[in-house]
Amino acid sequence: MQYITYNNTNIYNKTLTDEQAHNASLVSARYPVCLTDYYAGLIRHQDDAIWKQCMPDARELEDYSQCADPLNESHLSPVPGLIHRYPDRVVLLVSNRCPVYCRFCMRKRLVGSGDAPMGESELCAALDYIAAHPAIHDVILSGGDPLMLDDQSLSKILTGLRAIPHIAIIRIGTRVPVTLPGRITPGLCNLLRTFHPLFINTHFNHPDEITTASAHACSLLADAGIPLGNQTVLLKGVNDSIETMRALMTGLLTLRVRPYYLHQMDLVQGTAHFRTSVRSGLEIIRGLRGHISGLGVPHYVIDLPGGKGKVAVLPDDVTIRGNMLQLRTYTGEQVFYEDITALQE
Ligand SMILES: *Cc1c(COP(=O)(O)O)cnc(C)c1O
Ligand code: SF4
């Protein structure tokens, strides 16, 4: 694995102006900056979609309006590194490192910080908690990026989880196929396939991230029988157009990756310059539904502040009056539909 870390005036030979370099060093003092050789290589020019996602920006420091932990994750942690918000599923923060630190990250407060969230004793405490709560059926490994762990550490966590009889499914949330695809090796896939049913949700945000290398990583995972989903964050200036989203979602399907969530950006400090209006997100969903394969249309979700959970929002395409529905089709036509069973209820 090769990493290119920030070295003050150059980030992977992308020469910065003096002002950019100065700002980058201020930002990196507060939030970690890290790129992979591979991901930086996808930058075609300054300020393109890849650049904006990974290069530090002075605006990260100008945003004091928001909270570092709006989802109240730290208060929903019964033991360190475990988030228990919904009764039947938990998030386990097993790593605080990522190959690339995304400038819009919702866990900006945690990623890249020196102390590992999951030491030996924390892992034991988390597994004990899960074992003691039979209502938990679904464990989501997150971070940071779980695939930043070596195979042996990952195997240990997965073995611990599989020893708990009430755990039905395991999910891994990872951006490694996008930012460090070489980490998806046949050896890793052979390890993961022994823990089925295991799902992976990856994180593509732009069609430029779909490359021969990322496609190969996804195909290795899919061939290991791992159902692949994708979570995209809606980002101003990166992917907030219907054309870009159509290309992204249909491109993902060709990788056997099923779009799962489109996230409205959380109200996390340091990320305001990426935030779009919910109205524009709804217009994007309207531009997908009916226009591309239904398999490629994600749920657009808002993760509510205070840890109240995710809510899926839809464009308002139905008006109900009694048993009469007025529906808007994907072409914009208004159609009446009689709900004949409504009268019998
Ligand atoms: C998103 C999330 C989940 C998983 O939600 P699904 O809708 O099942 O994908 C679970 N716990 C927390 C804390 C979450 O943020
Ligand atoms: S890979 Fe995920 S956790 Fe890591 S910085 Fe990017 S968004 Fe945050």
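The legends below describe close-up views of one predicted model.

**Notes for all views.** Residues are numbered from 1 along each chain as its sequence is written, while chains are lettered from A and ligands numbered from 1 in the order in which they are written. In this predicted model, local features need pLDDT of at least 70, side-chain atom pairs count only at pLDDT 80 or more, and totals for chains, interfaces and linings use all residues; side-chain values use heavy atoms, with hydrogens and water left out.

**View 1. Confidence along the chain.** pLDDT is the predictor's confidence in each residue, from 0 to 100. The protein averages 92. A pLDDT of at least 70 is reached by 94% of the residues. Residues 1-10 stay under 50. For this stretch the model has 28 contacts beyond four places in sequence; a contact means heavy atoms within 4.5 Å. Where pLDDT is low, the predicted coordinates should not be read in detail.

**View 2. The surroundings of ligand 1.** Residues around ligand 1 include I83, R85, Y86, R89, V91 and I140. R171, Y260, Y261, D303 and K310 also belong to this set. A residue is near a molecule if one of its heavy atoms lies within 4 Å of it. Taken alone, ligand 1 exposes 390 Å², and the protein buries 88% of that. Accessible areas come from the Shrake-Rupley method with a 1.4 Å probe; for residues, only the protein chains shown count as cover.

**View 3. Two nonpolar cores.** A nonpolar core is a set of buried Ala, Val, Leu, Ile, Met, Phe, Trp, Tyr and Cys residues joined through side-chain atoms within 4.5 Å. Buried means under 20% relative accessible area, exposed over 50%, and partly exposed in between (1.4 Å probe, protein chains only). The largest core has 69 residues. L92, I130, V139, L141, L192 and L198 have the most contacts inside it. Helix 5 (residues 120-131) gives this core its largest share, five residues. Helices (H or I, at least four residues) and strands (E, at least two) are DSSP runs, numbered from the N terminus. Beyond four places in sequence, I130 touches L82, V90, I136, V139, L161, I164, H166 and I167. A second, separate core has eight residues, among them C102, V238, M265 and F274.

View 4. R107 sits in the loop between strand 6 (89-93) and helix 5. R107 is buried because its relative accessible area is 9%. Its side chain reaches the backbone oxygen of G143 at 2.8 Å. The peptide bond from G143 to G144 is cis, with omega near 15°. G144 belongs to the loop between strand 7 (138-142) and helix 6 (151-162).

**View 5. H196 and its cis proline.** The bond from H196 to P197 is cis, with omega near -5°. P197 lies between helix 8 (186-192) and strand 9 (198-202). H196 counts as partly exposed because its relative accessible area is 30%. A polar atom of its side chain lies 3.2 Å from the backbone nitrogen of L198. The backbone oxygen of A224 is 2.9 Å from a polar atom of the H196 side chain. Contacts of H196 beyond four places in sequence are R162, A224, G225 and I226.

**View 6. H203 in its loop.** H203 lies between strand 9 and helix 9 (212-223). H203 counts as buried because its relative accessibility is 17%. A polar contact of 3.0 Å joins its side chain to that of N205. Its contacts beyond four places in sequence include F104, T174, E209 and N230.

**View 7. Two residues with positive phi.** Most residues other than glycine have a negative phi, and most peptide bonds are trans. D47 has a positive phi of about 70°. D47 is in the loop between helix 2 (37-40) and helix 3 (49-54). N72 has a phi near 60°. The loop holding N72 runs between helix 4 (59-62) and strand 5 (82-86). N72 is partly exposed, at 26% relative accessibility.

Methods
A polar contact is a pair of N or O atoms within 3.5 Å; within protein, one must be able to donate a hydrogen and the other to accept it, and residues adjacent in sequence count only if both atoms are side-chain atoms.
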